[in-house]
Amino acid sequence: MRVTTKIVFLCLLTSCSSTNRRRTAGGEDPVRKPLDAETFLCDFASKRFEPEDRAQARLRIADRLSLLGLEPKMQSYDEEVRNGYVRGRRFAGVNLYAELRATVPSEEWIVLGAHYDTVRVAPGADDDGSGVTAVLLAAERLVDLKVRRRNVLFAFFDQEELGLVGSSVFVKFLVADGRKVVAAHAIDMIGWDGDGDRAVELGRADAETRGDPFVALYEKAAARTQGIGPVIRTRMGRSDHVSFLDAGIPAVLITQEYEGGDWTPHYHRKTDTCANVHFGYLTTAAALVTNAVILQLE
Ligand SMILES: [Zn+2]
């Protein structure tokens, strides 16, 4: 298989910063407005299927990362992809990611990701603008932690809807780069809670790992997360966590109640708009994931 993956560094708005916190010429932090989930997602929720629309979406995400003092990086690929969903077809796309370094020396990485593409017809507010928003909300809290004992990689995968394409390529890059990824959290569809119980499902939390580390982790995180409902373990595959599991990396999917039967009726439809997203649920679930990652950084 021919591998043509290349990494392109992207600098937006202002020049690239080598530190995790951008400073003004006077040396002070610029005023950083907290991310308003609804404002961001309603802006973000438009079709992200064609290359030009996906490029627009990447700019919106990269803007937010830059505001946090993170350096958005693009991973362009044009190669054959082979996994459980696609068998050696050629794809061209772009993953977006940013690194947040540990505050103490560490070789270990935690990945927190969501896919930013959509199917052709849907504006993808829930699928997966909600996951993208949740990762950005988490990033906002994690950059401010005084102590981080591991590195964090925020990842925004392309072409999940075509068969976990972007995440497959991304995992290959991590493995080739020799990164020690100790856990990957993939958030996909965390914007629907029709019955209002604020339950969260953990997909395949026990796969390829011993002793259900993610279930214990998320139960502990739930105890720290005000307003969250039950945390339920399922066998759900069908999202980017599978790319990590296939490479032997401990990974979990965080999603709304698929097996619990409280799944959005707007899935892959034109009506997957921000008007049909439950923002209280989204932000509470984002806090849960953030608390789980914080536990892994303590
Ligand atoms: Zn999705």
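Reader: Which helices do the buried residues of α1 pack against?
Author: The buried residues of α1 pack against α2 (51-67), α3 (125-142) and α7 (279-297). This is a predicted model, where local features need pLDDT of at least 70, side-chain atom pairs count only at pLDDT 80 or more, and totals for chains, interfaces and linings use all residues. Residues are numbered from 1 along each chain as its sequence is written.

Reader: What do you call a helix, and what counts as buried or exposed?
Author: Helices (H or I, at least four residues) and strands (E, at least two) are DSSP runs, numbered from the N terminus. A residue is buried if 20 or more other C-beta atoms lie within 10 Å of its own, exposed if 12 or fewer, and partly exposed in between, with C-beta atoms placed from the backbone.

Reader: OK, which residues of α1 are buried?
Author: A37, F40, L41 and F44. Viewed down the axis of α1, the buried residues fall within an arc of 90°, so they line one face of the helix. The arc is that of the directions from the helix axis to the C-beta atoms.

Reader: What sits on the face turned away from that buried side?
Author: The exposed residues T39 and D43.

Reader: Why does F44 count as buried?
Author: Because F44 has 23 C-beta neighbours inside 10 Å. F44 lies in α1, which covers residues 37-44.

Reader: What is F44 in contact with?
Author: A57, R60, G129 and V132, leaving aside neighbours within four places in sequence. Two residues are in contact if their C-beta atoms, placed from the backbone, lie within 7 Å.

Reader: Switching to α3. What is the peptide bond from D127 to D128 like, cis or trans?
Author: Cis, with omega near 0°. D128 is found in helix α3. Most residues other than glycine have a negative phi, and most peptide bonds are trans.

Reader: Where are the positive phi values in residues other than glycine?
Author: L164 is one of them, with phi near 55°. M189 is another, at about 70°.

Reader: Where is M189, and why is it called buried?
Author: M189 is in the loop between β6 and β7 (200-203). M189 counts as buried because it has 24 C-beta neighbours inside 10 Å.

Reader: And L164, where is that?
Author: In the loop between β5 and α4. L164 is buried, with 29 other C-beta atoms within 10 Å. Not counting residues up to four places away in sequence, L164 touches N83, Y85, D240, V242 and S243. The C-alpha atoms of L164 and N83 are 8.1 Å apart, though the two are 81 residues apart along the chain.

Reader: How long is α4?
Author: Helix α4 (residues 165-176) has 12 residues and reaches 17 Å from first C-alpha to last. That is close to the 16 Å expected at 1.5 Å a residue. The expected span is 1.5 Å times one less than the number of residues.

Reader: Which α4 residues are buried, and what covers them?
Author: V165, G166, S167, S168, V169, F170, V171 and L174 are buried. The cover includes β2 (73-82), β3 (87-100), β4 (108-115), β5 (151-157), β6 (180-187) and α6 (241-246).

Reader: What follows α4?
Author: G178, with a positive phi near 70°.

Reader: How do β2 and β3 run?
Author: Antiparallel, joined by 10 bridges. Strands pair if DSSP finds at least two bridges between them. A hairpin of four residues links β2 to β3. S76 stands opposite V94 in β3.

Reader: What about the nonpolar core?
Author: The largest has 80 residues, and those with the most contacts inside it are A134, V135, A138, A285 and V289. Such a core is a set of buried Ala, Val, Leu, Ile, Met, Phe, Trp, Tyr and Cys residues joined through C-beta atoms within 7 Å.

Reader: Where is pLDDT under 50?
Author: Over residues 1-28. pLDDT is the predictor's confidence in each residue, from 0 to 100. Where it is low, the predicted coordinates should not be read in detail. The chain mean is 90, and 87% of residues reach 70 or more.
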